[in-house]
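Please look over the sequence and the structure shown here before reading on. The report then goes through a few of the features.

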Amino acid sequence: MNATTHAFRLGLERGWREFRQTLGSSDQWFTVVITMAYLTVLWFQRDSTVDGTTLSLAALTLPSMIGMSVAFGGLVGPAGQLAVNREDGTLLRAKAVPNGMLGYVVGRVVQTSLDTSFSLVVVFVPGFFLVQGLAQAGVSGFAYLVPVLVAGLLATLPWGAVIGSVVKSPQGAMGFTMLPMMPIVAISGIFYPISAIPGWLQVIAQAFPVYWVGLGTRSALLPDSAAAAEIGGSWRTLEMFGVLGVWAVVGFLVAPTILRRMARRESGGDMEQRRQAALQRGVG
Amino acid sequence: MVIDVRDLRMRYGTVDVLHGVDFTAERGEVVALLGPNGAGKTTTIEILEGFRMPSAGQVRVLGVDPAKGDELWRAKLGVVLQSWRDHARWKVRELLDHLGRYYAPYSTPDRVRPFDTDALIRTVGLEEHAHKKIGKLSGGQRRRLDVAIGIVGKPELLFLDEPTAGFDPHARRDFHDLVHRLSDLEGMTILLTTHDLAEAEKLADRILVLAGGRIIADGSPDQLSRQVAGQAEVRWTQAGQRHVHATDDATGFVRDLFAQHSRGISELEVRRSTLEDTYLTLVQRFESGQANEEEVAAL
């Protein structure tokens, strides 16, 4: 029995178990609230049409939301969980077990992917019936969605892990992910077409993955004529995979080093200090 | 030699926490590390576990430098953490079984890893809680789960950092039995830290006293008492009055006492100095010695 592949399999199982644990937990209230908010937005947008097309604004927003949720889940999820697991001792536990860190990291990736996919389905299924004009995407459109979502997850997940490794507390993780994400989402053409914002903001938005995942999901689900509303009047498939790919490659080059450095420094004494700090904040 | 530590030093910034610690532990030995708060017990244990890099010195644990220990080395160690609230959503049996399976690739014919999950749950007395969520356990139950996780891989060397904190007397006695069984049956070497001197005396073959970043005493509980040459205390009642006398030679004193008063002596008690007295004397002696040193340095 090869210890590394064995630990990898245990990590897959770990991720699946933890995903099932979240399904039955109070975490799902968050999913319910977010889903209601998204569906409300779609409801109000369903009758306004996008300039120069026959599509409703909602038909544009739903795929964009899916793309944004992946980027969001990939960044905020692992950052928060890693920060919490450093504080509560899960990480130290993994360190004390042979190949435990491998199992832990694989478990986190699986759980984040499942969590994110689940929240996508929860928004998408009712959204699909609410919004006209997505059924034409067909099987090939939905199949194309898969590589786009995977690229979006790969482009954000390592950065979530990096942030979770460098922050001092779970609150820090929230701050360092949510605060930058809000303005980035606002300028990334998620809730209205990016052409509506000033050119210099468009340039900034295109440096980040959120815009590109949204573009990718729109290209998967909308008719080709809808590309007219995009920058350059095209889906820019090559650029989309290119930018997401660069984020992913750089992320996966940087993250292991930072994760390892963080894990090496993790010790009972440090955990005890964070525990005291957390008790002071009234957690526990 | 399972543990071999020579001239171990640790410095945080400009503060020296360990100034040259030396000790060893043999296979099957139970060693207790005692010392006042801040003496460097946890730091020492964390260096041996490979969780912290020492500033200087030679450390060998199972023949390997912990800073360079690989996963095979890790599989031979058991670590009972001062844990808190990790895996709160997992169930007791689920987590123990999951963590145990990481050790399966390291199983050998003469040391089958891991322990059987259900047998281990019975051993630590958690069978009624096996399907409970870990977040719902009481402090003592949680600690017993920590111990079970620490030994699930059937380690050759087990580290216990204040293992019985939060135990009731019954759980404490069960735990002591468990430690004896592990060291006798499995030949496990055990290094534990504790504040409970009675516990150290009951469990340990050897006691190390760490104070001010140095080992100031090293020996069996008996040897330590002799090292301090503790006085015994003799108490008796004569003519309705209670007497107390401290002496180095309790037997001689009692003989003389009876020779002088052939009757009328009752409620005779001879109390030898306990490990606690010995320990307090050692630490006090060390601290006043250190104070002297500092005075000399100041001159």
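The model is predicted.

**The interface**

Chain A and chain B bury an area of about 3200 Å² between them. Carbon and sulfur atoms give 56% of that buried area. Chain A brings 40 residues to the contact, and chain B brings 28 residues. Between the two chains there are 16 residue pairs in polar contact, with both residues at pLDDT 80 or more. On the side of chain A that touches chain B, the elements giving two or more residues are helices H1 (3-23), H3 (57-88), H4 (90-96), H5 (100-130) and H11 (268-281) of chain A. H1(A) provides the largest share of this side, 11 residues. By type, the residues of this side of chain A are 13 nonpolar, 14 polar and 13 charged.

**Salt bridges**

Over all chains, the structure holds 29 salt bridges. Six salt bridges are found across the interface of chain A and chain B. The table gives two examples, one between the chains and one within chain A.

| Residue pair | N to O distance |
|---|---|
| B:Arg101 and A:Glu13 | 2.7 Å |
| A:Arg14 and A:Glu18 | 3.9 Å |

Why are A:Arg14 and A:Glu18 separated by about one helical turn? The two residues are four residues apart in helix H1 of chain A, so about one helical turn lies between them.

**A nonpolar patch on the surface**

Which residues form a nonpolar patch on the surface? The patch is formed by A:Val146, A:Val150, A:Leu154 and A:Phe252. Together these residues have about 340 Å² of accessible area. Helix H6 of chain A, residues 138-166, gives the most to the patch, with three residues.

**Two points in the backbone of chain B**

Most residues other than glycine have a negative phi, and most peptide bonds are trans. Two places in chain B can be set beside this rule. The peptide bond from B:Arg113 to B:Pro114 is cis, and its omega is near -10°. B:Pro114 sits in the loop between helix H3 (92-101) and helix H4 (117-123) of chain B. B:Glu162 is a residue other than glycine with a positive phi, near 45°. The loop that holds B:Glu162 runs between strand S6 (157-161) and helix H6 (169-185) of chain B.

Key:
Residues numbered from 1 in each chain as written. Chains lettered and ligands numbered in written order. Predicted model: local features only at pLDDT ≥ 70, side-chain atom pairs only at ≥ 80, totals over all residues. Heavy atoms only, no water. Patch = residues over 30% accessible without salt bridge, like charges linked within 9 Å, V, L, I, M, F, W, Y side chains within 5 Å. Areas by Shrake-Rupley, 256 points an atom, 1.4 Å probe, with all protein chains shown as cover. Salt bridge = Lys/Arg side-chain N within 4 Å of Asp/Glu carboxyl O. Contact = heavy atoms within 4.5 Å. Buried area = accessible area lost by both parts, 1.4 Å probe. Polar contact = N/O pair within 3.5 Å; in protein donor to acceptor, adjacent residues only side chain to side chain. Nonpolar A, V, L, I, M, F, W, Y, C, P; charged D, E, K, R; others polar.
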